[in-house]
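Try each task on the structure before reading its solution.

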Number of protein chains: 2
Amino acid sequence: MKCLSCKERYDAVEAGTCRECYEEASETEEELKREIEELRAKVSFLGFRSTFTDVLLLAVDLDSGNPLPNSAPVPANKAVLASRSPVFRAMLETEMEESLSGTIKLSDVSYDALRTFVNYLYTAEACLDDDMACNLLILADKYEVKHLKTYCEKFLISKLIWETSLISYSFAHQHNAKNLIDASLSLILDNMDKLSKREEYLELVEKDPRLVVEIYEAYLSKQVNTAVVATTPCNDD
Amino acid sequence: MKCLSCKERYDAVEAGTCRECYEEASETEEELKREIEELRAKVSFLGFRSTFTDVLLLAVDLDSGNPLPNSAPVPANKAVLASRSPVFRAMLETEMEESLSGTIKLSDVSYDALRTFVNYLYTAEACLDDDMACNLLILADKYEVKHLKTYCEKFLISKLIWETSLISYSFAHQHNAKNLIDASLSLILDNMDKLSKREEYLELVEKDPRLVVEIYEAYLSKQVNTAVVATTPCNDD
């Protein structure tokens, strides 16, 4: 037979689909692509471009409260901030200091990360590297911007390797990043034989032993489950 | 052979794809679906929810300038209006009456259409029927909201039938709806034998004869092209 897709000849043992299913699949693909086009146009329409600003965001030093060196206030729009973050909404809708002064001070952020953060709130777009993903995840957690948090977690999960999994695991715990916790824990569990030799392990035992306990609990639970699966009679035919 | 998709048996003449192409197509479909999920989440994130309002939109009578009966001012946010519509942006960024008074009067819209319009500017969502699609298309044209215009055009094109094609054609011309012009013209050209008998045809000749001339020009051009195709020797093998 000749494949309708790649046009190559093939044998019966290598057969894929009948003609009807091939045609249906092609139609489905076309429909999905059309839907993607429509959604992209929607994203582009909804991305916020506006010169109206009524609030300033300022990266300040945690201790002194002074603006960071080489930083400038980042102008933004209250309605945008409030729409994207329940924390900003609470700040701005009530008569809190930020609402009255028109300035929001952020003490756990570099100027670069702050600008990238604000731009994400406007457009849902950000160019990430490891460092920026961590910084934005911290902001996303603090200001409850779920969509950005998921975005950063996905990026960090895609970069996970065994050598950094303990640091990621601890970082994810600090900032309530459930997906990143699960992914790094899973990588740790696959390498338990090497775990206790790592420097980060000893540091974590010192700094936050409960997280280490969680690792061992997960390991035990995984072993028990594996044992159950292994001893359950197989009923498949 | 057995189809990997529908699990039915089929003959060689009904063969679709080889196994490799089937597997590739399945992966592609999964990827497209994942992309759709991500885009939907982005649309949901970018959809605007905010209680910050700083401008009122008012549906008024064209002649008297008074608010329409049973209507109320629709509160909105300048930044949202300016982000979605270059016309609103120009109104609001300069020291025009609308910017100073904080009220924008719209004279060619019902209260219902105005509320739906504003909601679309916030969320890119609207529930359409024929009437609403026409009303929103008029607003989208006037305030240059391209995304909404395309959305309404698509809806109206999906509802096109020969009996209403002349009205649609004339309406689309009035509001510069290129896609709807093309679609309704194409339907008119397929039914030229019945054209001159229709009442709307006689009305259009009376009201806007240039549009009727355009129909005949398109018809002539189509006939010439068809003749060229018919007389060109076929080089396919």
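**Exercise 1.** Determine how many residues of chain A and of chain B are in contact, and how much area is buried between them.

*Solution.* Begin with contact, which means heavy atoms within 4.5 Å: in this predicted model, 55 residues of chain A touch 55 residues of chain B. Next take buried area, the accessible area (1.4 Å probe) that two parts lose on being put together, summed over both; between chain A and chain B this comes to about 4800 Å², with carbon and sulfur atoms giving 68%. In chain A, the residues that lose the most area to chain B are A:Phe45, A:Leu46 and A:Phe52, which together account for 15% of what that side buries.

Before going on, note that residues are numbered from 1 along each chain as its sequence is written, while chains are lettered from A and ligands numbered from 1 in the order in which they are written. Local features need pLDDT of at least 70 and side-chain atom pairs count only at pLDDT 80 or more, whereas totals for chains, interfaces and linings use all residues, and side-chain values use heavy atoms, with hydrogens and water left out.

**Exercise 2.** Find how many salt bridges cross the interface of chain A and chain B, and which element gives the largest share of chain A's side.

*Solution.* A salt bridge requires a side-chain nitrogen of Lys or Arg within 4 Å of a carboxyl oxygen of Asp or Glu, and by this rule six cross the interface. One of the salt bridges joins A:Lys42 to B:Glu125, with the closest N and O atoms 3.5 Å apart. Turning to the elements (DSSP runs, with helices being H or I of at least four residues and strands E of at least two, numbered from the N terminus), those giving two or more residues to chain A's side include strand E1 (15-18) and helix H1 (19-46) of chain A. The largest share, 17 residues, comes from H1(A).

**Exercise 3.** Work out how E1(A) and strand E1 (residues 15-18) of chain B run, and how many bridges join them.

*Solution.* Two strands pair if DSSP finds at least two bridges between them; here three bridges join the two strands, which run antiparallel. Within this arrangement, A:Cys18 stands opposite B:Ala15 in E1(B).

**Exercise 4.** Locate the parts of chain A that the salt bridge between A:Asp190 and A:Lys222 links.

*Solution.* The two side chains meet at 3.3 Å, N to O. A:Asp190 lies in the loop between helix H9 (178-189) and helix H10 (192-195) of chain A, and A:Lys222 in helix H12 (residues 209-231) of chain A, so placed that the pair links distant parts of the chain, 32 residues apart.
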